[in-house]
Number of protein chains: 2
Amino acid sequence: MESLKVGICGLGTVGGGTFDVLTRNAEEIAARIGCRIQVSHIASRRAKPQYELSGLRFSEDVFAVCDDPDVDIVVELIGGTSLARELVSRAISRGKHVVTANKALIAEYGGQLFAEAVANKVTIAFEAAVAGGIPIIGALREGLAANRVHCLAGIINGTTNFILTEMRDKGRDFADVLKEAQALGYAEADPTFDIEGIDAAHKLVILASIAFGIPLQCDKVFNEGIGEIQPIDVHYASELGYNIKHLGLAVRRDQGVELRVHPTLVPKSQLIANVDGVMNAVLVKGDAVGATLYCGAGAGAEPTASSVIADIVHIARSVRNGRAPGVPHLGFANTQAANLPILPIEDIESSYYLRMSAEDKPGVLSQVCQVLSEAGISIEALVQREPQLNESQVPVILLTNIVRERDINSAIAKIHELESIHQQIVKIRLEALG
Amino acid sequence: MESLKVGICGLGTVGGGTFDVLTRNAEEIAARIGCRIQVSHIASRRAKPQYELSGLRFSEDVFAVCDDPDVDIVVELIGGTSLARELVSRAISRGKHVVTANKALIAEYGGQLFAEAVANKVTIAFEAAVAGGIPIIGALREGLAANRVHCLAGIINGTTNFILTEMRDKGRDFADVLKEAQALGYAEADPTFDIEGIDAAHKLVILASIAFGIPLQCDKVFNEGIGEIQPIDVHYASELGYNIKHLGLAVRRDQGVELRVHPTLVPKSQLIANVDGVMNAVLVKGDAVGATLYCGAGAGAEPTASSVIADIVHIARSVRNGRAPGVPHLGFANTQAANLPILPIEDIESSYYLRMSAEDKPGVLSQVCQVLSEAGISIEALVQREPQLNESQVPVILLTNIVRERDINSAIAKIHELESIHQQIVKIRLEALG
């Protein structure tokens with residue numbers, strides 16, 4: 001049986017997992033492709049690994065892998081965007097296919113890199129860049145290719161999903177759970193990237209590009225983290241029948257596309273609202289297929305390796321067939337992308353959860369309702385608690401119908417001017433996803 | 001822009017949906033492929049359809065489509081296995097690619113047809129044959145190709161899922177809901193194929209073949225329908241924390257593969273237990289990726305058309321690239337299939353839900369427990385109801401640990417011999433899917 005040679009750059013969690021799975025399932029993978037996948041070269045800037053390295057070259061310089069004539073596919077798992085970009089460019093220029101799990105690299109520099117790949121008749125595969133082991137890139141690019149996609153909604157960051165799940169199930173507060181997530185290895189020492197939604201935004205940009213045929217546009221995603229979510233809001237949301245999820249949302253509107261990452265109330269009756277802990281899920285709605293949902297592990301050594309190797313298999317099957325893979329990088333062959341602007345956040349449409357602190361006296365609620373009514377905003381649900389002993393203020397929680405963000409913001413500003421409303425008004429978006 | 005010509009055989013629900021979606025989304029689909037998909041020929045044994053047929057040939061003889069030199073891809077949507085088999089064979093022999101939604105055809109005759117296709121350097125695509133719009137064939141064959149699959153569990157028949165959901169939510173009985181399902185068009189006039197699990201068995205055989213690399217073996221699936229499920233069992237299951245789902249299960253064991261379709265108690269904490277109504281879902285567990293779940297519409301005109309067209313797109317992208325698709329029909333390039341026998345039902349392992357009618361007198365429960373204990377079967381949960389007024393018998397419900405089917409059967413036979421146990425003992429399998 002012939003073999004195809006893979007060079008792995010970076011031997012961290014995913015690199016190690018990829019090597020392990022390729023080794024363990026070598027027979028099964030070879031049977032699927034009809035040719036063996038041989039890891040011929042590993043590069044790691046750290047010390048030499050403990051792997052059995054017979055017949056396998058090891059370098060500390062990742063570029064040595066690109067330059068190795070004994071490597072057909074370069075697997076980029078070093079992370080970051082600076083060195084990784086250089087590495088991928090060089091591999092392409094050497095006529096090698098590239099597999100990467102690097103969402104930041106694809107989201108920020110994909111456009112340029114894909115053009116280089118096409119010019120060099122190679123492919124860059126990146127199934128592992130979004131939602132770990134869930135084959136969502138393949139589903140969007142191939143399985144749902146018949147559809148005009150209306151919207152997609154994803155739990156695409158396991159760290160924030162873990163934190164929100166713990167907050168809900170145990171009534172704990174954000175800082176407390178974050179500390180535990182760090183201890184468990186679910187969150188980085190510097191968790192900014194995850195909890196502020198930057199990681200999710202990268203993934204959303206990639207998904208939206210494939211779903212709608214729009215260019216990768218990292219700078220246009222609206223981004224709100226989960227750091228401000230209070231246990232009390234998790235509690236009230238639950239009482240009203242909702243779980244709070246940190247969603248990436250891409251929605252097609254007449255005027256353009258909404259691209260937004262933020263905490264979101266989702267009805268518990270939706271399956272995606274019940275995807276808990278570190279699990280990921282992506283809901284895609286197409287005009288023909290309706291709603292489809294994809295769930296699985298969004299991170300971790302072997303789930304991510306599963307997608308890295310799926311890409312290797314895809315390339316190997318094509319190479320054996322004498323061609324580069326025929327699926328366009330971003331799902332559309334026409335490089336002239338869809339003429340859809342990304343809408344500013346003020347122009348998006350959503351329902352809203354509002355929580356405010358109101359003085360416990362007659363007429364306050366009626367004032368609030370009047371402001372909303374004058375703005376054309378309907379109240380879908382309202383909860384007002386009885387004051388506890390010695391409390392002069394009571395929490396008022398309400399859910400609105402679907403309105404423009406601009407309108408809810410101006411209504412909130414007006415409510416804030418009411419004498420009997422104190423403190424900041426909490427606003428969390430709500431998506432029925434129905 | 002060049003175009004690829006499609007001939008559609010059969011203009012029922014799915015054929016009509018395929019034509020509609022291809023027409024409505026023509027621009028978007030062309031942009032994805034880089035070439036237009038043109039329906040050049042439609043054949044239907046019924047009267048000429050209402051479609052705008054300019055530039056489109058219409059035949060009443062489906063074989064005219066195979067023989068039309070102006071057709072590149074034949075879409076077989078006539079159903080059945082006799083004429084359909086002949087049609088697909090002839091299309092292949094004419095060097096045409098085939099797309100089909102026909103699960104029975106693939107499950108029963110796929111082996112032979114795929115060999116013919118390979119010999120003629122064309123492909124037979126069948127994403128629509130399993131779980132309608134859910135791209136599960138693609139996920140198994142490509143997205144999860146790195147994995148040694150441990151097991152898969154699918155709700156792959158919308159009719160039975162609708163009936164079981166209604167029975168649970170409204171406490172109705174089987175015959176009553178079936179009548180409604182027929183009125184709604186969710187069940188056929190002759191519902192045997194769906195409710196006895198034959199349809200699900202066909203789909204399971206296809207999924208299992210791709211998951212494990214085993215041949216298609218329709219005759220070896222164990223098959224149990226939902227006709228015997230009583231409202232009282234749906235009720236007790238729910239009380240114990242389970243929903244009853246009609247699952248197709250394929251499980252890899254040391255000795256072989258379990259292939260079985262039957263009603264199954266699934267813990268409500270599992271997402272798949274909450275996939276209700278006519279929706280479908282497939283849970284796949286791989287050694288690298290862990291558990292992944294795929295949900296969506298399992299039938300209907302446009303969801304099924306979504307998968308039919310995904311296959312057309314897949315073929316078109318390959319043809320444009322100058323080759324037949326490089327993905328093996330059943331996911332494995334090595335025709336020498338895995339040496340895994342299908343286990344007889346007596347050799348499967350499962351937990352069990354048992355319901356029996358016991359005389360309301362001391363010592364009965366202890367006798368039952370003793371029989372189970374002597375057979376090495378543990379009781380995980382037990383419910384005994386107080387007798388109602390004038391009742392001399394009480395229902396006893398128990399859940400067992402995981403045991404061999406042979407052992408539970410012989411224990412049931414022994415319990416049946418007890419004087420104080422009357423009526424048939426109800427046995428339903430239980431899968432934790434954890």
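This is a predicted model: local features need pLDDT of at least 70, side-chain atom pairs count only at pLDDT 80 or more; totals for chains, interfaces and linings use all residues.
In chain A, helix α1 (residues 13-24) has 12 residues and reaches 16 Å from its first C-alpha to its last, close to the 16 Å expected at 1.5 Å a residue. The buried residues of α1(A) are A:V14, A:G15, A:G16, A:G17, A:T18, A:F19, A:V21 and A:L22, and what covers them includes the strands β1 (3-9), β2 (36-43) and β4 (73-76) together with the helices α2 (26-33) and α12 (301-320), all of chain A.

At the level of domains, chain A is divided into domain 1 (3-132 + 301-320), domain 2 (136-297) and domain 3 (347-430). The centres of domain 1 and domain 2 of chain A, taken over C-alpha atoms, are separated by 27 Å, and 14 residues of domain 1 are in contact with 18 residues of domain 2 in that chain. On the side of domain 1 of chain A that touches domain 2 of chain A, helix α5 (residues 103-119) of chain A gives the most, with seven residues; by class, that side has eight nonpolar, three polar and three charged residues.

Strand β9 (residues 242-252) of chain A is largely enclosed by the rest of the structure, because 11 of its 11 residues are buried. Both of its faces are covered, with A:Y242, A:I244, A:H246, A:G248, A:A250 and A:R252 buried on one side and A:N243, A:K245, A:L247, A:L249 and A:V251 buried on the other. Strand β7 (residues 149-155) of chain A pairs with β9(A) in the antiparallel sense over four bridges, and here A:C151 stands opposite A:V251. Strand β10 (residues 257-267) of chain A is also antiparallel to β9(A), to which 11 bridges join it, with A:L247 standing opposite A:H262 of β10(A). Four residues lie between the strands in the hairpin of β9(A) and β10(A), where A:G256 takes a positive phi near 160°.

How, finally, can chain B be laid on chain A? A turn of 180° with a shift of 0.0 Å along the axis superposes chain B on chain A with an RMSD of 0.0 Å, which is the relation of a two-fold axis. In chain B, the C-alpha nearest the axis is that of B:Y294, 2.4 Å from it. The same surface serves both copies, since 100% of the contact residues of chain B recur in chain A.

Across this interface, 55 residues of chain B are in contact with 55 residues of chain A. The elements of chain B that give two or more residues to the side touching chain A are α2 (26-33), α6 (136-143), β12 (290-297) and α12 (301-320), and α12(B) gives the most, with 11 residues. By class, that side of chain B has 27 nonpolar, 20 polar and eight charged residues. Strand β12 (residues 290-297) of chain A pairs with β12(B) in the antiparallel sense over three bridges, and A:Y294 has B:Y294 as its bridge partner in β12(B).

Key:
Residues are numbered from 1 along each chain as its sequence is written. Chains are lettered from A and ligands numbered from 1 in the order in which they are written. Copies are superposed by least squares on the C-alpha atoms of residues with pLDDT of at least 70 in both. Two residues are in contact if their C-beta atoms, placed from the backbone, lie within 7 Å. Ala, Val, Leu, Ile, Met, Phe, Trp, Tyr, Cys and Pro count as nonpolar, Asp, Glu, Lys and Arg as charged, and the others, Gly among them, as polar. Two strands pair if DSSP finds at least two bridges between them. Domain bounds come from an automatic or database domain assignment. The expected span of a helix is 1.5 Å times one less than its number of residues. A residue is buried if 20 or more other C-beta atoms lie within 10 Å of its own, exposed if 12 or fewer, and partly exposed in between; C-beta atoms are placed from the backbone.
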